[in-house]
Amino acid sequence: MSPVDPKRTVAASRTDDAWPDGGHAAPGAVYIDRDETYKDHLLFACPGCGRMGSIRAERVKPPSPSWQIVAGELAAPESLTLAPSIHCVGCCGWHGYLRNGVFESC
């Protein structure tokens, strides 16, 4: 497992692996929901510590808590930009933005 760094900036990296059972993955890993249960969610590993989480994201921002897809597609995280910022709570507290496929710390 990677060392925890709540100020880490890391590229979003799509993986076709299954959602990890242990609840942690490589920081910045993005999982694609194969059965589309969460087709409107970004399933990702916290960029700071790798703890798995998800956020709801659509082209038109749904009611909060949610994020707007400013550019790119959920299925192609290397080009994805979301708004507003992402704050990972319940783990290392990483706070930043996903811009052009890069999780950038504030």
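## Aromatic residues

Phe103 has a relative accessibility of 0% and counts as buried; buried means under 20% relative accessible area, exposed over 50% and partly exposed in between, with a 1.4 Å probe and protein chains only. Trp94 is likewise buried, at 0%. The model is predicted: local features need pLDDT of at least 70, side-chain atom pairs count only at pLDDT 80 or more, and totals for chains, interfaces and linings use all residues. Residues are numbered from 1 along each chain as its sequence is written, and side-chain values use heavy atoms, with hydrogens and water left out.

The whole structure holds three aromatic pairs. Rings of Phe, Tyr and Trp (for Trp, the six-membered ring) pair if their centres lie within 6.5 Å; planes under 30 degrees apart count as stacked, over 60 as edge-to-face and the rest as tilted. For Trp94 and Phe103 the ring centres are 6.0 Å apart and the planes stand at 85 degrees, so this pair is edge-to-face. Together with Phe44, these two residues form one aromatic cluster.

## Nonpolar cores

A nonpolar core is a set of buried Ala, Val, Leu, Ile, Met, Phe, Trp, Tyr and Cys residues joined through side-chain atoms within 4.5 Å. The largest has 19 residues, and those touching the most other members are Leu42, Phe44, Leu82, Ile86, Leu98 and Phe103. Strands E4, E5 (52-58), E6 (67-73) and E7 each supply at least two residues of this core. Helices (H or I, at least four residues) and strands (E, at least two) are DSSP runs, numbered from the N terminus.

Contact means heavy atoms within 4.5 Å. Leaving aside residues up to four places away in sequence, Ile86 touches Phe44, Ile55, Trp67, Trp94, His95, Gly96, Leu98 and Phe103. A second, separate core has six residues, among them Ala25, Ala29, Tyr31 and Met52.

## Sheets

Six strands make up an open sheet with mixed pairing, in the order E2-E3-E4-E5-E6-E7. Its edges are E2 (13-15) and E7 (76-83); each has a single partner strand, so one side of each is left without a neighbour in the sheet. Two strands pair if DSSP finds at least two bridges between them. Within this sheet, E3 (residues 29-31) and E4 (residues 41-45) pair in the antiparallel sense over two bridges, and Tyr31 stands opposite Leu43 in E4.

An open sheet of four strands runs in the order E1-E10-E9-E8, with antiparallel pairing. Its edge strands, E1 (10-11) and E8 (86-87), each pair on one side only. E1 is joined to E10 (residues 102-105) by two bridges in the antiparallel sense, with Ala11 opposite Val102 in E10.

Ser105 also lies in strand E10 and is buried, with a relative accessible area of 18%. Residues up to four places away in sequence aside, Ser105 touches Pro6, Lys7, Arg8, Thr9, Trp94, His95 and Gly96.

## Cysteines

How many disulfides does a search of the whole structure find? The count is zero, where a disulfide is a pair of cysteine sulfur atoms within 2.5 Å. For Cys46, the nearest cysteine sulfur is that of Cys88, 3.6 Å away. For Cys49, the nearest cysteine sulfur is that of Cys91, at 3.7 Å. Cys46 is buried at 1% relative accessibility, and Cys49 is buried at 7%.
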